[in-house]
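Here are my notes on the model you sent over. Have it open while you go through them.

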Amino acid sequence: MRSIQVQFASGREVLNSYWGFLKNGGLVLADPNDLTEGDNVVLDVKIKSLKRSYKLAARVVKRAPDGNRAFVAFNEVQSQDIILNAA
């Protein structure tokens with residue numbers, strides 16, 4: 001399982017990247033490098049304005065056709081409330 005660092009300047013940016021069309025939520029990642037559909041990842045989400053970071057288990061469920069974005073879904077055992085409350 002890969003660890004991916006994701007940084008946001010503020011909670012507003014987290015909410016802009018939040019992908020709520022899934023049962024457990026997820027994030028849209030810009031510039032996903034070499035992530036492919038089905039990859040299991042641990043996201044190390046840092047919110048600079050809060051000076052906090054959160055670890056979230058997720059899986060890549062889709063790549064944008066242009067390759068510039070990856071859609072990751074939080075695992076069922078992972079509570080999305082942690083990141084939403086932080087935002």
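The numbered points below go from the overall layout to the sheet, the core and the aromatic pair.

1. Ground rules. This is a predicted model, where local features need pLDDT of at least 70, side-chain atom pairs count only at pLDDT 80 or more, and totals for chains, interfaces and linings use all residues. Residues are numbered from 1 along each chain as its sequence is written, and side-chain values use heavy atoms, with hydrogens and water left out.

2. Overall layout. The chain has 2 helices and 5 strands, arranged along the sequence as β-α-β-β-β-β-α. Both kinds of element are DSSP runs numbered from the N terminus: helices are H or I with at least four residues, strands E with at least two. Of the 87 residues, 39% count as buried (buried is under 20% relative accessible area, exposed over 50%, partly exposed in between, with a 1.4 Å probe and protein chains only). Take the contacts with a separation of 6 or more: 55% of them come from residues 24 or more positions apart (a contact is heavy atoms within 4.5 Å).

3. The sheet. What is the strand order? The 5 strands form an open sheet with the order S1-S3-S4-S5-S2 and mixed pairing (two strands pair if DSSP finds at least two bridges between them). S1 and S2 are the edges, each pairing on one side only. Neighbouring strands are turned by 40° against each other on average, direction ignored; the axes here are lines fitted to C-alpha atoms, for helices over the stretch in contact, and angles run from 0 to 180 degrees between N-to-C directions.

4. Pairing around S3. S1 (residues 2-8) and S3 (residues 40-47) run parallel, joined by 7 bridges, while S3 and S4 (residues 52-63) run antiparallel with 8 bridges.

5. Pairing around S5. S4 and S5 are antiparallel over 5 bridges, with Ala-58 opposite Phe-74. S2 is also antiparallel to S5, again through 5 bridges, and Leu-29 has Ala-70 as its partner. In the S4-S5 hairpin, with 5 residues between the strands, Gly-67 has a positive phi near 80°. S5 is largely enclosed by the rest of the structure, because 5 of its 6 residues are buried.

6. The core. The largest nonpolar core has 18 residues, and Leu-27, Leu-29, Leu-35, Leu-43 and Val-72 have the most contacts inside it (such a core is a set of buried Ala, Val, Leu, Ile, Met, Phe, Trp, Tyr and Cys residues joined through side-chain atoms within 4.5 Å). S1, S2, S3, S4 and S5 each supply at least two of its residues. Leaving out residues up to four places away in sequence, Leu-35 touches Arg-2, Ile-4, Leu-29, Val-41, Val-60, Arg-63 and Ala-70.

7. The aromatic pair. There is 1 in the structure (rings of Phe, Tyr and Trp, the latter by its six-membered ring, pair with centres within 6.5 Å; planes under 30 degrees apart are stacked, over 60 edge-to-face, the rest tilted). Trp-19 and Phe-71 have ring centres 4.8 Å apart and planes at 50°, so the pair is tilted. Trp-19 is in the loop between H1 (11-17) and S2 (26-30) and Phe-71 in S5 (residues 69-74), so the pair ties together parts 52 residues apart in sequence. Trp-19 is buried at 15% relative accessible area, and Phe-71 is buried at 10%. Lys-62 lies over the face of Phe-71, 5.6 Å from the ring centre (the criterion is NZ of Lys or CZ of Arg within 6 Å of the centre and within 35 degrees of the ring normal).
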